[in-house]
Amino acid sequence: MKIRNKSIACFFIIILLVGTFSGCRLIDDIADDLENSQSAVGGKNGLELIQCLNEHDSESLNELFCELMKRTHDLDSEIENAFGVFDTPITKFDPILVGGEKKNRDGVIIYNYASSSIHNVVSGEKTYTIFFSTYIVNENKNLVGVTCIDIYNADDEL
C-alpha cells in the first residue's frame, strides 16, 4: 500500500509541476500579447506623438516611423511642417481611438496593423484631428512602425 501511495503522490507532484511551469509560460504569452496589442501600441504611439508635437522633438518623432518611410520620405521637413501647425502646446485631446486588423497564416501572424485617431486636439484657438497608422508585425520588417500621420483642422471637412 505504501508504494502505491508514493506512486500516486509522485504522479500528482509531476502533474502539479508540469501545470505550474506551462502556466507561467502562458502568463508570459498573455502579457506579451497585451503589451503588443493594437490598443496598447496605438495608445502608446498616440501619447508619444502628442508629447513629441508639444516638445517639438523631431528625433523621437522620427523614431516612431518605420524604416521604409524613413528611406522614402523627407521626414525632417514633414515633421517641421507638423511643428508649424502646433506652434502652441496641445492643451487637451479626446481619448485615443484604435482599431486594426491582424492576419494569420498557418498559425503565424503575417501582419498586425493598428489604425488610430485622436479627435479634438486643442492647440491655442484651433482644434485638430490626428490619424496615424502603425504596423506592429509585418512580413516586410521595413514596414514595422508608424507608416503615416495625417493632421486635419477639425473645422475643415474631411
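**Reading a pocket, a helix and a core**

Tutor: Gladly! Let us begin with the largest pocket: α2, α5 and β5 (145-153) each supply at least two residues of its lining. Keep in mind that this is a predicted model.

Student: Which element gives the most to the lining of the largest pocket?

Tutor: That is α5, with six residues. In total, 17 residues line this pocket, and those nearest its centre are Phe65, Glu78, Ala82, Ile149 and Ile151. Its volume is about 280 Å³.

Student: Let me step back. How many helices and strands does the chain have?

Tutor: There are five helices and five strands. Reading from the N terminus, the order is α-α-α-α-α-β-β-β-β-β.

Student: What can I check on a helix such as α2?

Tutor: Try its length. Helix α2 covers residues 38-55, which makes 18 residues, and at 1.5 Å a residue it should span 26 Å. The C-alpha atoms at its ends are 25 Å apart, so the two values agree.

Student: Which residues of α2 are buried?

Tutor: Buried means under 20% relative accessible area. In α2, that applies to Val41, Gly42, Gly43, Asn45, Gly46, Leu49, Ile50, Cys52 and Leu53. For the chain of 158 residues, 27% count as buried.

Student: And how much accessible surface does the chain have?

Tutor: It comes to about 10,500 Å², and carbon and sulfur atoms hold 55% of that.

Student: Which residues touch the most other members of the largest nonpolar core?

Tutor: Among its 23 residues, those are Leu53, Leu61, Phe86, Val121 and Ile130. Two or more core residues come from each of α2, α3 (58-64), α5 (75-85), β3 (108-123) and β4 (126-138).

Student: What does Phe86 touch?

Tutor: Leaving aside residues up to four places away in sequence, Phe86 touches Leu53, His56, Val121, Ser123, Tyr128, Ile130 and Ile151.

Student: Ser116 is in strand β3. Is Ser116 buried or exposed?

Tutor: Ser116 is buried, because its relative accessible area is 3%, while the cut-off for buried is under 20%. Not counting residues up to four places away in sequence, Ser116 touches Gly42, Ile96, Leu97, Val98, Ile130, Phe131 and Phe132. Gly42 is one of the buried residues of α2.

Student: Where does Asp106 lie?

Tutor: Asp106 lies in the loop between β2 (97-105) and β3. Asp106 has 78% relative accessibility, so it counts as exposed.

Student: What is the phi of Asn120?

Tutor: Asn120 has a positive phi of about 55 degrees, although it is not a glycine. Asn120 is placed in strand β3. With 37% relative accessibility, Asn120 counts as partly exposed.

Student: Which residue follows α2, and what is its phi?

Tutor: His56 follows α2, and the phi of His56 is positive, near 50 degrees.

Definitions and conventions:
Residues numbered from 1 in each chain as written. Predicted model: local features only at pLDDT ≥ 70, side-chain atom pairs only at ≥ 80, totals over all residues. Heavy atoms only, no water. Helix = DSSP H or I, 4+ residues; strand = E, 2+ residues; numbered from the N terminus. Expected span 1.5 Å × (residues − 1). Buried < 20%, exposed > 50% of the residue type's maximum accessible area, 1.4 Å probe, protein only. Areas by Shrake-Rupley, 256 points an atom, 1.4 Å probe, with all protein chains shown as cover. Core = buried A, V, L, I, M, F, W, Y, C linked by side-chain atoms within 4.5 Å. Contact = heavy atoms within 4.5 Å. 1 Å grid on protein atoms, 1.4 Å probe; cavity = no way out; pocket = protein on both sides within 12 Å on 5 of 7 lines; lining within 4 Å. Points joined across faces, edges and corners; volume = space filled by probe spheres on them.
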